[in-house]
Each structure stands twice: as C-alpha cells, then as structure tokens.
Amino acid sequence: MSAAAAPATASATTPGPVNAMSIDVEDWFQVQNYAGLIGRERWDSLPRRVEDRTREVLALFAASGIRATFFTLGWVAERHPALIRDIVAAGHELASHGYGHERVFEIGAARFREDVRVARDLLEQAGGVAVTGYRAPTFSVNPGATPWAHVVLAEAGYRYSSSIFPGPRAGGPVPLTPWRPHPDGVVELPMTALRLGPACLPVSGGGPFRATPHTLFAAALRRVNAAGRRGIFYFHPWEIDPDQPRMPGLSASRRLRHFLGLQRMAPRLARLLGEFAWGRVETVFAAELAAPTAPGRDAAGRDAPGGEALGREALGREALGAGAAGPNAPRPATPAPGPGALDPCAPAHDARGCNAPRAA
Ligand SMILES: [Zn+2]
C-alpha cells in the first residue's frame with residue numbers, strides 16, 4: 001500500500017469511514033497520575049523517553065501507511081525540535097497539547113491563554129507549520145468549569161479543540177458530535193463515546209482501551225461508525241513503553257491505571273490500525289472545521305437538534321451565564337432556551353448526547 005496515494009486515509013483498503021488517529025506526546029513523568037509525586041522542578045532531572053517512543057510510533061504509522069495528529073507539549077518541542085521536524089516531515093498533523101501539562105480547570109483563563117500561546121509558538125517554530133489543533137491535558141476542558149476555553153483558543157489562533165471527554169468528566173451532558181460551544185470560539189471535536197442505556201462508554205483509547213478486551217472495543221467502534229459517526233482515538237508514547245521507570249509512592253489504583261496492559265499495547269495498536277481506516281484529525285473533520293458558524297449547526301449549516309439544545313443549555317445558560325464572571329468572560333451570543341428544552345435521557349438523543357452524571 002502506498003502512503004503517498006492517500007494522505008488522509010492511507011489505510012483505505014479497510015472498509016468503513018475514516019476515523020481520526022491521535023497521539024498525546026508527553027513523557028512518562030508528566031502524566032497526571034504522577035502529579036503530586038513528581039514536581040515539575042524535577043522534570044529536567046529525569047530520564048526522557050518521549051523521543052524514542054514517539055519514533056517507534058512514527059515507525060508503526062509508516063509501516064501501516066497511516067497519517068495521524070500529534071498533540072504535543074510545548075515542553076517537549078523545546079527539548080526535542082528534531083522530533084517535531086520529523087513528525088511534520090512524515091506528513092502528520094502537528095497540534096498542541098499545551099505547554100506544561102497543566103489542567104485547564106485548575107489554571108484559569110489568563111494562565112490558559114499564556115500556556116496555549118507559548119505552546120503554539122514553540123511548536124510552530126520547531127515544526128515550521130501552522131498549529132491549529134489543541135487537546136487539553138487530561139481532557140480538562142469542562143463546559144461548566146472552563147466556559148472561556150474555546151474563545152481563548154480562537155483568540156490564540158487555534159481552529160479546533162479535541163478536549164472534552166463525554167461522560168462524568170465533562171461535568172454534564174455534552175454532544176457526541178462536533179459543535180461550536182460559543183460563536184466566537186473554536187469547534188469542539190469531542191472524544192468518542194457510545195451511549196449504552198444510562199451510561200457513556202468511552203470508545204477513544206488510552207486507559208479505557210487498555211482495560212477493554214480488543215474485540216469488544218473494536219465492536220463498539222464499529223457501532224459508532226455504523227451510526228454515521230467518525231471516531232477519535234488517542235494514546236500516549238509512554239503507553240507502548242512497558243520498561244519505563246517505576247516510581248515508588250504511586251498508589252495501587254494509580255499504578256494499575258498507569259501500567260495496565262502496557263505489554264499488549266503495541267501489538268493491539270498494530271491490530272487496530274489494520275482493522276479500521278485512519279487519518280489526521282484536521283482532515284477527517286475538515287467539513288466540520290470549515291462550516292459551522294453558530295452553536296448547534298452541523299457542517300451543512302442545518303440545526304443539529306441535540307447539539308443546539310445541549311450547546312445552549314450546557315454552555316449558554318449554566319456556564320457562560322453563571323461561571324464566566326471577570327474580564328475574560330465571553331458573551332453568549334444567543335439566548336439560552338428555558339429549562340426543559342433538553343432531555344438527554346430521551347432515546348432520540350442517542351447519537352448526539354451522553355447523559356452523564358455530574359462530576360463530584
Ligand atoms: Zn496529556
């Protein structure tokens with residue numbers, strides 16, 4: 001198979017829609033699991049493994065003829081500019097994972113603005129290409145807690161965010177399909193989930209992928225595709241690194257979350273790459289990034305019923321109105337519907353909303 005023949009869909013011999021493949025490029029000690037155990041001031045003293053592991057990812061993609069999106073920390077770009085150049089040279093999309101892996105809901109709008117600006121500058125400098133995609137560390141963009149995030153990203157030159165994880169982490173019901181949470185903000189491409197009864201099943205990679213039997217995960221992604229949705233998969237370079245250092249002091253639950261299934265991750269990824277068609281995020285969602293200009297509009301400019309109600313309800317009334325005080329607060333451009341406009345439990349919302357319990 002020729003990688004040059006189909007830049008976005010190099011695994012095009014695989015039937016089915018093209019899903020988006022992405023990697024969050026960070027080192028093993030920058031994971032949230034280690035926050036509190038490894039201070040940032042120690043980062044530069046620890047053995048860095050991110051470049052070697054990311055090069056393994058590049059080789060895996062090259063062997064499969066796949067192009068993907070690399071959401072990369074500015075901190076990594078600063079120290080490994082040759083790796084950034086090689087990511088771009090291989091035809092992948094270079095995107096931002098912020099600078100220092102700080103959770104968005106913890107740092108506030110002003111520091112977030114600085115973080116995403118610095119990261120974008122460093123990445124563009126190293127890669128020599130425009131960087132317009134963003135993924136928040138630990139999917140910490142939360143419609144309730146960070147209602148300014150999508151506007152700040154637009155002001156910093158980004159076009160899209162892939163930073164919301166439907167389910168409890170989102171802090172409330174959110175659409176399962178791309179939408180623009182604020183008219184002045186970037187498009188959100190939420191991580192893939194499947195609504196099963198009252199639950200939101202993540203179908204997007206990382207720890208939940210490692211914890212799920214492969215055939216079950218593949219069946220769930222096929223179901224997403226059969227419903228007409230394209231998935232977004234993600235993983236980290238440290239997830240294909242079973243020999244990474246073990247730090248003493250990690251709790252049993254965090255140890256399990258971090259190390260579960262690392263031995264099997266690389267072969268499972270190779271299998272997954274062959275089972276579905278994959279492309280870069282900005283390419284797979286090109287229509288959505290080009291078209292929507294208002295909350296709840298789909299790529300053709302039509303009402304996206306669940307998206308509109310959810311967007312205004314979850315972001316307009318609750319977050320933009322109640323949680324966005326201060327000089328950085330964006331203005332909601334559309335009036336919010338009254339209570340009762342949204343019933344995310346209704347089966348009709350299956351394809352668009354996940355009825356998630358509120359995060360504690
Ligand atoms: Zn991360």
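Biologist: How many residues lie between strand 8 and strand 9 in their hairpin?
Modeller: There are two residues between them. Please bear in mind that this is a predicted model. In the turn, Gly 197 has a positive phi of about 60 degrees.

Biologist: In which sense do strand 8 and strand 9 pair, and over how many bridges?
Modeller: Strand 8, residues 193-196, pairs with strand 9, residues 199-202, in the antiparallel sense, and four bridges connect them.

Biologist: And what is the bridge partner of Leu 196?
Modeller: That is Ala 199 in strand 9.

Biologist: Turning to the helices, at what angle do the axes of helix 3 and helix 4 cross?
Modeller: The axes of helix 3 (residues 81-89) and helix 4 (residues 104-127) cross at roughly 70 degrees and come within 8 Å. The two helices are therefore roughly perpendicular.

Biologist: Which residues meet there?
Modeller: Helix 3 contributes Pro 81, Ile 84, Arg 85 and Val 88, which meet Leu 123, Ala 126 and Gly 127 of helix 4. Of the residues in this contact, five are nonpolar, one is polar and one is charged.

Biologist: Why does Ala 291 count as partly exposed?
Modeller: Ala 291 has 15 C-beta neighbours inside 10 Å. A residue is buried at 20 or more and exposed at 12 or fewer, so a count in between is classed as partly exposed.

Biologist: What separates the C-alpha atoms of Ala 291 and Val 187?
Modeller: A distance of 9.8 Å separates them, while the two residues are 104 residues apart along the chain.

Terms used:
Residues are numbered from 1 along each chain as its sequence is written. This is a predicted model: local features need pLDDT of at least 70, side-chain atom pairs count only at pLDDT 80 or more; totals for chains, interfaces and linings use all residues. Axes are lines fitted to C-alpha atoms, for helices over the stretch in contact, and angles run from 0 to 180 degrees between N-to-C directions. Angles under 35 degrees count as roughly parallel, over 145 as roughly antiparallel, 65 to 115 as roughly perpendicular and the rest as oblique. Two residues are in contact if their C-beta atoms, placed from the backbone, lie within 7 Å. Ala, Val, Leu, Ile, Met, Phe, Trp, Tyr, Cys and Pro count as nonpolar, Asp, Glu, Lys and Arg as charged, and the others, Gly among them, as polar. Two strands pair if DSSP finds at least two bridges between them.
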